[in-house]
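Hi,

Here is the structure I promised to pass on.

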Amino acid sequence: MLLPTRTLLSVIVSLSSGLWLNVALADETPTAKPQYCPARIAELNDRDKEIAKVAWQYFENNIQSETGLVNAVDNYPSTTMWDVGSSLAAFIAAEKLGLISRDRFDRMTGHLLNTLEHLDLFKGEAPNKVYNTQTGQKVDYRNKPSERGIGVSTLDLGRLVSWLNILSCLHPQHKDKVRKVLESWNFCRLLEHNEMYGLKLDDNTGGVEIQQEGRLGYEQYAGKAFQQLGFDMSLSARYHNQYATKAEVSGVELLVDSRDASTLGAHNYVVSESYAMDALEHGIDDENKPLLENIYKVQQRRWEQSGTVTAVSEDNLDRKPYFVYNTIFSDDIPWAAITDKGEDMSDMRSLSVKAAFSMAYLFPDREYSKVLRDAVMDARNPKGGWYSGIYEDSAKGFNKATTANTNGVVLSAFLHKLYGPLNQQCDKCGKGASLSDDFLKFNQDKKACLAKLKTASPYSP
């Protein structure tokens with residue numbers, strides 16, 4: 001075993017008092033290079049660094065000193081667990097990209113984890129859908145205090161879990177705190193039948209509705225995150241499950257979800273973001289590789305056929321209705337732009353900044369990637385951060401909504417350039433977040449787990 005330099009020098013000093021040392025032989029001993037896992041596979045160029053700095057400034061502008069939480073939308077003190085995941089991604093990327101020091105990263109992350117560990121949970125089970133970033137209180141979607149809360153989005157928790165896993169892997173000094181956060185939740189109603197279920201408060205009765213969450217794309221992204229914790233997500237983590245069917249858009253075959261929105265209340269949006277995040281964080285495999293390829297190809301084809309640079313995803317808007325799903329395909333309609341209620345918003349279709357950057361960096365050597373990157377380079381908020389997009393209607397100009405999710409996805413694309421897909425790499429290294437055997441067993445014992453919901457604390461080891 002080779003000794004570190006300081007240790008070797010101390011040995012030389014101690015031996016010099018009476019023991020003979022062959023100095024010439026010691027000088028010839030090769031110095032082993034430190035082996036890191038995950039290891040860096042590339043470095044950023046000047047353009048990458050410029051893009052990353054713009055994205056990071058969003059978080060500098062929006063982190064709240066009281067809680068460590070970051071505003072999901074610029075200058076508005078509210079967040080979801082999805083956006084907490086995006087913020088954590090940004091923290092990790094900023095440290096690895098050299099935008100902040102390790103000491104500052106540890107302080108910021110420690111503060112955030114402490115807030116997460118002590119959140120007022122919905123029904124004592126899991127984080128509420130929305131929190132005030134200044135106070136850490138449960139709120140509704142209008143950011144009004146809500147003592148009971150409004151419910152749990154398990155899909156949103158999946159994004160947070162993905163980045164808690166990466167945090168534990170790259171920064172094991174936070175691993176124990178990550179476990180405490182995760183084990184403060186109760187998963188028994190959230191993960192069942194190898195699928196994800198969300199909770200929704202019924203305002204009239206005060207009861208809780210349990211609703212299956214996730215459609216093809218986002219479902220697999222989040223399902224893989226829970227699978228890494230040790231839960232059986234054999235349905236949700238697979239694209240080719242019983243709900244998958246095929247559709248053709250612009251001559252390109254896509255995999256789409258067959259579950260009907262009119263009866264199940266959830267639309268089957270096909271967008272760039274879920275496939276991009278799956279590849280960036282979980283990696284590319286035999287199943288998702290052709291799917292991602294076709295997501296890229298169909299958008300390139302629309303550009304070739306129409307001249308409109310295309311990279312679509314769901315995004316916040318800077319005007320009513322403030323949030324739109326710009327899709328490749330949804331509810332049997334190609335290139336649909338709709339609200340979560342299915343209302344047509346075709347006049348709000350836009351080029352998504354996060355979709356453009358993530359696709360460009362996943363396919364760095366392709367000509368269309370250069371087109372995507374160049375098309376959004378001016379979509380920056382002068383106060384910091386990237387805008388959400390550029391409206392296809394040129395009269396509308398930039399979609400100036402500026403968000404944690406857009407800027408977190410941009411930063412995670414550069415983390416991918418440095419390391420590759422980190423959840424995949426961390427799994428190979430045997431690192432990442434972990435739950436205790438007792439906690440996993442408890443959450444999988446539905447009878448005991450559901451009975452525990454009647455108490456104030458969801459889990460007591």
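Before the strands come up, a word on terms: two strands pair if DSSP finds at least two bridges between them. Helices (H or I, at least four residues) and strands (E, at least two) are DSSP runs, numbered from the N terminus. Keep in mind that this is a predicted model, where local features need pLDDT of at least 70 and side-chain atom pairs count only at pLDDT 80 or more, while totals for chains, interfaces and linings use all residues. Residues are numbered from 1 along each chain as its sequence is written, and side-chain values use heavy atoms, with hydrogens and water left out.

Let's start with a sheet. It is open, has 3 strands in the order E14-E15-E16, and its pairing is antiparallel. Strands E14 (350-352) and E16 (398-402) stand at the edges with a single partner strand each, so one side of each has no neighbour in the sheet. On average, neighbouring strands here are turned by 25° against each other, direction ignored. (Axes are lines fitted to C-alpha atoms, for helices over the stretch in contact, and angles run from 0 to 180 degrees between N-to-C directions.) Strand E15 (residues 387-391) pairs with E16 over 3 bridges, and Tyr387 has Thr402 in E16 as its bridge partner.

Most residues other than glycine have a negative phi, and most peptide bonds are trans. Cys37 and Pro38, though, are joined by a cis peptide bond with omega about 0°; Pro38 sits in the loop between helix H2 (23-28) and helix H3 (46-62). Another cis bond joins Lys320 and Pro321, with omega about 5°, and Pro321 is in the loop between strands E9 (314-316) and E10 (323-326).

Ser250 is not a glycine, yet its phi is positive, about 55°. This serine lies in the loop between strands E7 (244-249) and E8 (252-257) and is partly exposed, at 25% relative accessible area. Asp332 also has a positive phi, about 70°, and is exposed, at 67%. (Buried means under 20% relative accessible area, exposed over 50%, partly exposed in between, with a 1.4 Å probe and protein chains only.)

Last, which helix does H3 cross at roughly 140°? That is H14 (residues 404-419), and the two axes come within 9 Å. Residues making the contact (heavy atoms within 4.5 Å) include Trp56 and Phe59 of H3 and Leu411 and Phe414 of H14.

Cheers
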